[in-house]
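Okay, thanks for coming, everyone.

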Number of protein chains: 2
Amino acid sequence: MRSSTHFTIALHVLTLLASHPGEALTSDFIAGSVNTNPVFIRRVLAALRRSRLVTSQTGPGGGWLLTHAARDVTLRDVFRATEEGALFALHSSTPNPKCPVGGNIQDILGRRFEATQRAVERELEQTTIADLVKEVQARSS
Amino acid sequence: MRSSTHFTIALHVLTLLASHPGEALTSDFIAGSVNTNPVFIRRVLAALRRSRLVTSQTGPGGGWLLTHAARDVTLRDVFRATEEGALFALHSSTPNPKCPVGGNIQDILGRRFEATQRAVERELEQTTIADLVKEVQARSS
DNA sequence: ACAATCGTCACTATATTGGTGTCAATTCAA
DNA sequence: TTGAATTGACACCAATATAGTGACGATTGT
């Protein structure tokens with residue numbers, strides 16, 4: 001099963017930002033919580049910025065901030081911002097079009113996979129970043 | 001998004017087998033429909049055999065056969081046989097346990113991801129290999 | 001005995017992933 | 001104005017995953 005950690009890292013970082021409302025966090029500080037390096041963090045956050053979920057500010061006192069209230073950002077929003085492409089890969093080389101199965105299977109499976117992806121997104125929609133913050137607080141109190 | 005093509009290939013092959021009921025198909029023939037090489041096909045089918053979805057037979061006239069009626073095999077069964085591990089990866093290195101977020105986020109996200117995986121499996125359960133065969137026949141008639 | 005077929009291994013090429021270093025650009029503050 | 005902090009954007013590397021290919025022994029039907 002292939003899947004990058006970007007989705008997970010993004011959720012971690014957004015939860016961290018939401019736990020420090022109004023405070024710009026540096027990629028260096030964030031990397032300390034995630035246990036990785038600042039460049040990787042900036043790569044993940046750059047994708048979130050493209051989707052307008054965060055903003056960044058250079059210079060001293062700079063760093064990263066949420067652009068929306070945590071209760072308005074669902075896991076689906078983050079999923080779409082970080083995971084590009086489909087959940088399941090189709091064939092790496094096109095199947096034989098002369099075979100009745102080979103000639104139709106990609107189209108048929110593609111439709112099923114889209115339905116599955118919609119099911120995933122419906123599930124992810126049920127949770128917001130604010131929910132994650134609440135859970136962290138409940139566990140660390 | 002990472003994800004091997006094994007799930008897709010397995011569905012293709014099972015649909016092909018179900019389209020030739022009672023007939024043992026060789027990995028060479030199957031590879032011709034999938035447009036790949038027989039060794040790769042045997043690798044994918046070996047996983048399906050471990051889950052008792054197919055059997056194989058060596059020697060002349062040998063090949064691969066379904067062990068169950070196509071209407072009794074759901075996409076979820078194939079998913080479980082081919083996709084090992086979770087749908088979403090957690091962090092590649094453990095987050096900082098001294099941070100309230102880092103110390104709890106993996107457990108919290110793990111539960112959400114399990115719920116998502118259950119949603120995927122519920123969706124995949126709705127379709128059988130027999131459904132795929134029917135769709136192929138409807139399109140190639 | 002022969003040929004067909006699977007079972008499995010080794011090797012390769014390619015792509016992806018994450019880690020690291022570097023340096024220019026921006027920006028705040030002394 | 002100078003200097004330091006910080007992002008932005010590269011390039012490069014190591015490790016891993018993926019799929020393609022060849023090879024060869026084991027099994028089995030004719």
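Predicted model: local features only at pLDDT ≥ 70, side-chain atom pairs only at ≥ 80, totals over all residues.

Residues are numbered from 1 along each chain as its sequence is written, chains are lettered from A and ligands numbered from 1 in the order in which they are written, and side-chain values use heavy atoms, with hydrogens and water left out.

So, the interface. Chain A puts in 57 residues and chain B 58, with contact meaning heavy atoms within 4.5 Å. About 5100 Å² is buried between chain A and chain B, 62% of it from carbon and sulfur atoms; that's the accessible area (1.4 Å probe) lost on putting the two parts together, summed over both.

How many salt bridges cross between chain A and chain B? Four, where the rule is a side-chain nitrogen of Lys or Arg within 4 Å of a carboxyl oxygen of Asp or Glu. A:Arg112 and B:Glu135, for instance, pair up at 2.4 Å, N to O.

On chain A's side, the elements giving two or more residues are helices H1 (6–18), H2 (27–34), H5 (100–124) and H6 (129–140); helices are DSSP runs (H or I, at least four residues). H5(A) gives the largest share, 18 residues.

Now symmetry. Chain A superposes on chain B by a 180 degrees rotation with 0.0 Å of shift along the axis, RMSD 0.0 Å, using least squares on C-alpha atoms with pLDDT of at least 70 in both copies. The two copies are therefore related as by a two-fold rotation axis. And the same surface serves both: 100% of chain A's contact residues recur in chain B.
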